[in-house]
Amino acid sequence: MANITSVLENCTEVTTAVDATLSNNNTTYSITAFPGQTKTLFTKQVTVTANHVFKDAPTVDFSETAFPQNYSVTTVDTGSVSSGNLTSRKFIVNYLFPFESSVNDSILFNSAGSANFAASTGKIYSYNIDQSNISSNGSSRTLTINGDANATLTVRIRISGGADVPITTNVVSANTSSSTTVPLQLKANNIHVGMTVSGTGISGTPTVASITSTGITLSTAQTLTATTTLTFSGSFTATIGSDGLFTLPIIFPPTTTDVVYNVILTEIAANSFVSPLAGLSPITLAINQYKQTEITFGITNNNPPASGSFTLSATSFTDSGEANRNNSVSLSYEPTEIVLTASTSASGYSIVLGSQEFTTQRWSSPAAVPGKYITLNGGTVINFTNFSIVIDNSQSTKVATVSCVATVMFHGSSNQTTNLNINDIITTQQ
């Protein structure tokens, strides 16, 4: 009785008895013969699983047998290691019986398949772009698309239902006359085939047909003057680079109105968008840009004390600084310092603190969180800090200096006003 041991990785095997008898699920064999006879014991064929090959040929080892020199093996291959396509090897194991008996021989087969998936071509796998809200001052975003090298798709950046967003500009370097070839001053970075070209002297709506090292070729002939600035926009063909990436910087300009931008990705080859994009073409992404809103902090004089209304040094303050609509304040933003005086010359009266403590809740709003912030209609969120009232009754004109700091944490969808009634926080008494 002798043993057959197999170490398999990403492959299967079939063991077939010839002169020997196999047992124990083909892990042992036995045979009887006369010394000097050569017998074919069995065959073993190993075959890789799908999408694998043998980068190293399967081996058989007789070192754990009593007479390794008496074993011989013939192999039959399907494919070859040198060609990178060895997928199957058949071992035919022979044994020359010695004059001395042997027991407990052990034959070891070692076979390991390696992955050999067919190279993917023409596929688009994923995309990435920051889709958070754009501030009214504008912003730059980068569109990144992952895919197979040289895979293509159509990309378009536009205002939702409106004009295309300019992607880049370049300058004509020499006069052209009824020519489709246009030389450019700068390298054609971010110019892509299919883009629409506009500018002084452009006739019709030509598109980029091809790009050269010195300029571009247009779909129709143009007569242009040197130093003319050309603008490139509209749908175009994006080609994935050798690194598996396509990147496009997009500049979104400042705005005075609310805008929705669309980034549209469309298949060119059928079924080229694969999971998780499969079946989604065209993909339309929406990015919001909001106009700058103006927040007014009004100071009112409702329900004055018996001594009469206070004379106010200011009745309103305005915050028109830009805060993003994602609860993060822009680096250039500065809070609004609200500082005013309330005075009275009423004889025999002094200024004293009013019935209400000067806190966040004194500012009018549909909703307030004690000691933290107020929320106005449209979503604007304001945080108030540094509350102060300093009273001076030492002169004939009594003066209270009132101050606090207002920080707009989140700009809502519309201009809003919040009011502070001065008579809630100060009053007069005899």
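**Entry 1: a word I need before anything else**

Buried means under 20% relative accessible area, exposed means over 50%, and partly exposed is what falls in between, with a 1.4 Å probe and protein chains only as the setting.

**Entry 2: what I am looking at**

I noted that this is a predicted model, in which local features need pLDDT of at least 70 and side-chain atom pairs count only at pLDDT 80 or more, while totals for chains, interfaces and linings use all residues. Residues are numbered from 1 along each chain as its sequence is written, and side-chain values use heavy atoms, with hydrogens and water left out.

**Entry 3: the whole protein**

I looked up the helices and strands, which are DSSP runs numbered from the N terminus (helices are H or I with at least four residues, strands are E with at least two). The protein has 1 helix and 35 strands. Its radius of gyration is 41 Å, well over the 22 Å that the globule rule gives for 430 residues, so the protein is more spread out than a compact globule. For my own reference, this radius is taken over C-alpha atoms, and the globule rule is 2.2 Å times the number of residues to the power 0.38.

I then asked for the box: along the principal axes, the C-alpha atoms fill roughly 140 × 70 × 30 Å. Of the 430 residues, 38% count as buried. The accessible surface comes to about 21300 Å², and 48% of that belongs to carbon and sulfur atoms; such areas come from the Shrake-Rupley method with a 1.4 Å probe, and for residues only the protein chains shown count as cover.

I also checked contacts, meaning heavy atoms within 4.5 Å. Among contacts with a separation of 6 or more, 70% come from residues 24 or more positions apart.

**Entry 4: strand 1 and its partners**

Two strands pair if DSSP finds at least two bridges between them. Which way does strand 1 run beside strand 4, parallel or antiparallel? Strand 1 (residues 2-9) and strand 4 (residues 28-30) run antiparallel and are joined by 2 bridges. With strand 10 (residues 106-112), strand 1 runs parallel, and 7 bridges join them. I followed Asn3 through both pairings: Asn3 stands opposite Thr28 in strand 4 and opposite Ser106 in strand 10.

**Entry 5: rings**

I count rings of Phe, Tyr and Trp (its six-membered ring) as a pair if their centres lie within 6.5 Å; planes under 30 degrees apart are stacked, over 60 edge-to-face, and the rest tilted. The structure holds 12 aromatic pairs. One of them is Phe91 with Phe109, edge-to-face at 5.2 Å centre to centre, with 65 degrees between the planes. Phe91 sits in strand 9 (residues 88-96) and Phe109 in strand 10, 18 residues apart, which links distant parts of the chain. Both Phe91 and Phe109 are buried.

Another pair is Phe297 with Phe384, edge-to-face at 6.0 Å centre to centre and 85 degrees between the planes. Here Phe297 is in strand 25 (residues 295-300) and Phe384 in strand 32 (residues 381-392), 87 residues apart.

Back at Phe109, I found that ring pairs link Tyr29, Phe42, Phe91 and Phe109 into a cluster. Lys44 lies over the face of Phe109, at 5.1 Å from the ring centre. A charge sits over a ring if NZ of Lys or CZ of Arg is within 6 Å of the ring centre and within 35 degrees of the ring normal.

**Entry 6: who touches Phe384?**

Which residues is Phe384 in contact with, leaving aside neighbours within four places in sequence? I listed Phe297, Ile338, Thr360, Trp363, Lys372, Ile374, Cys404, Val405 and Ala406. I also looked up Val46: its C-alpha atom is separated from that of Phe384 by 77 Å, and the two are 338 residues apart along the chain.

The peptide bond from Ser275 to Pro276 is cis, with omega near 10 degrees. Ser281 and Pro282 are also joined by a cis peptide bond, with omega about -5 degrees. I found Pro276 in the loop between strand 23 (259-267) and strand 24 (283-289), and Pro282 lies in the loop between strand 23 and strand 24.

Next I looked at phi. Ser178, in strand 16 (residues 176-183), has phi near 45 degrees, a positive value in a residue other than glycine. Ser178 counts as exposed at 58% relative accessibility. Asn190 also has a positive phi, near 65 degrees, and is placed in the loop between strand 16 and strand 17 (196-198). Asn190 is partly exposed, with a relative accessible area of 25%.
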